[in-house]
Amino acid sequence: MRITLNGEAADVPPALTVQTLLQHLRIDPRVVAVERNRVVVKRAEYGETTLAEGDEIEIVAFVGGG
């Protein structure tokens with residue numbers, strides 16, 4: 001399945017959820033925010049939010065500092 005991931009075309013396995021996409025990418029879900037088609041996905045909904053062909057996904061990491 002083809003999606004756009006952080007502005008780049010990406011081929012990913014079919015039937016992924018946001019949670020399984022993060023696992024596939026080896027990203028800790030506690031340290032990122034995810035946007036699907038310009039809508040922020042609540043962390044509690046990562047496991048229920050299924051990705052579809054053509055989705056635009058943005059993953060943003062939290063950065064600490066002062």
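In which loop does D55 lie? In this predicted model, local features need pLDDT of at least 70 and side-chain atom pairs count only at pLDDT 80 or more, while totals for chains, interfaces and linings use all residues. Residues are numbered from 1 along each chain as its sequence is written, and side-chain values use heavy atoms, with hydrogens and water left out.

D55 sits in the loop between strand 4 and strand 5; strands here are DSSP E runs of at least two residues, and helices are H or I runs of at least four, both numbered from the N terminus. D55 is buried, at a relative accessible area of 5%, where buried means under 20%, exposed over 50% and partly exposed in between (1.4 Å probe, protein chains only). Leaving aside residues up to four places away in sequence, D55 touches I3, T4, R36, N37 and T50 (contact means heavy atoms within 4.5 Å).

As for the sheet, five strands make it up, open and mixed, in the order 2-1-5-3-4; two strands pair if DSSP finds at least two bridges between them. Strand 2 (8-11) and strand 4 (39-41) are the edges, each pairing on one side only. Strand 3 (residues 32-36) and strand 5 (residues 56-61) run antiparallel and are joined by five bridges, with E58 in strand 5 as the bridge partner of E35.

Then there's the largest nonpolar core, with 15 residues: a set of buried Ala, Val, Leu, Ile, Met, Phe, Trp, Tyr and Cys residues joined through side-chain atoms within 4.5 Å. V18, L22, V34, I57 and I59 touch the most other members. Helix 1 gives the most to this core, with three residues. Not counting residues up to four places away in sequence, L22 touches I27, P29, V32, V34, Y46 and I59.
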